Amino acid sequence: MAVLFLSEPARGAVFERAFADALPDLPFHLGHAPDPAAVDYMVAWTPPADLSAYPNLRLIFSVGAGVDQFDLTALPPQVGVVRMLEPGIARQMVQMAVMAVLALHRDLPAYLDQARQGRWQARANRPAEATRIGVMGLGQLGQAVLDALAPFGFARAGWSRSPRSLPGVDCMTDLDAFLARTDILICLLPLTEQTRGILNDDLFARLPDGAHLVHLGRGAQLEPGALERALDAGLASAWLDVTNPEPLPADHPLWRDPRVIVTPHVASQTDAADGAAHVIAGIRADRAGRDAPGLIDRGRGY
Ligand code: NAP
Ligand code: GLV
């Protein structure tokens with residue numbers, strides 16, 4: 001039995017120390033396994049395309065929350081995929097989402113634009129109670145964001161594939177009805193074949209005039225050009241932490257659009273020590289015959 005770590009070496013060094021303390025009986029290899037057939041567990045952002053050298057691989061742990069970087073159809077069927085669930089990811093996502101929602105609710109893009117022109121001009125403040133937040137994706141991150149937004153008084157709704165029930169949140173599965181009542185749309189969906197390009201012309205057209213977008217999921221959920229067209233057609237502003245393409249090229253017009261704030265995919269960054277603890281807990285669960293926390297449903301894609 002062995003673990004192979006295939007991500008950044010600095011992060012790997014933290015994992016190596018944590019594994020030496022917590023699972024000293026389990027050989028831990030950084031970057032290369034002397035005997036690939038002994039590897040049961042792999043930690044990676046993207047695993048090798050050909051896994052045939054690892055016939056006994058049981059689990060691949062993603063170093064990030066998303067697993068869309070894996071080609072799930074190409075992985076051997078017996079290999080489980082585990083997403084990263086260290087608690088700092090949700091804490092940082094909450095910070096980013098609250099910052100973005102308040103910035104768009106309080107017209108920060110317009111005030112930044114006015115500031116660049118040296119223009120002192122007040123806009124009317126809207127009450128939070130009259131502003132309807134809608135979160136696409138009611139997983140661990142969508143739920144954490146909705147909880148954190150509760151004290152501000154926004155009307156809150158969420159959209160998911162299966163019916164959910166969350167206190168104080170209008171949980172919806174009807175996308176049309178959800179979009180029609182959403183003034184600030186937050187995307188926190190995983191990237192799957194169903195959600196690729198979901199932020200498209202048709203979706204933006206179904207939002208009320210003057211709505212805003214906060215995109216925190218994956219860049220490929222945004223159809224190229226659709227946001228620019230929506231902004232011209234009545235979408236008020238957008239905060240993009242993820243873009244399509246990503247990285248956003250330096251000459252892309254969205255960088256210079258005063259209605260748009262772009263951050264370079266930094267909403268959440270996995271803490272190495274807490275990430276190692278999550279992987280160690282997953283390996284312990286697997287060795288005890290239980291599912292590792294964060295084991296995804298490969299058929300669903302998340
Ligand atoms: P999660 O716990 O797996 O939750 C996913 C949610 O999306 C679930 O509520 C699920 O519905 C819903 N969903 C999936 N496919 C859907 C579809 N076709 N239609 C409607 N709802 C659908 O995921 P999470 O941990 O909250 O993370 C969400 C995503 O955030 C990650 O996959 C990653 O891409 C992104 N992320 C971004 C950053 C960043 O730095 N920007 C950092 C971390 C994560 P059900 O409840 O019905 O299953
Ligand atoms: C970041 O985007 C992650 O998936 O952790």
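Biologist: Where does ligand 1 sit?

Modeller: First, this is a predicted model, where local features need pLDDT of at least 70, side-chain atom pairs count only at pLDDT 80 or more, and totals for chains, interfaces and linings use all residues. Residues are numbered from 1 along each chain as its sequence is written, chains are lettered from A and ligands numbered from 1 in the order in which they are written, and side-chain values use heavy atoms, leaving out hydrogens and water. A pocket here is an open set of points on a 1 Å grid over the protein atoms alone, where a 1.4 Å probe fits, with protein on both sides within 12 Å along at least five of seven lines. The space that ligand 1 takes is the largest pocket.

Biologist: Which side chain has an N or O atom 3.0 Å from a nitrogen atom of ligand 1?

Modeller: We're after polar contacts, meaning pairs of N or O atoms within 3.5 Å. On the backbone side, Leu 141 has a polar atom 2.9 Å from an oxygen atom of ligand 1, and Ser 268 has an N or O atom 3.2 Å from an oxygen atom of the ligand. The side chain you want belongs to Asp 241.

Biologist: How much of the accessible area of ligand 2 does the protein cover?

Modeller: Look at the contacts: polar side-chain atoms of Arg 218 and His 265 each lie 2.6 Å from an oxygen atom of ligand 2. Accessible areas come from the Shrake-Rupley method with a 1.4 Å probe. Of the 190 Å² that ligand 2 has on its own, the protein covers 85%.

Note on methods
Polar contact = N/O pair within 3.5 Å; in protein donor to acceptor, adjacent residues only side chain to side chain. 1 Å grid on protein atoms, 1.4 Å probe; cavity = no way out; pocket = protein on both sides within 12 Å on 5 of 7 lines; lining within 4 Å. Sits in = over half its atoms within 2 Å of the grid points.
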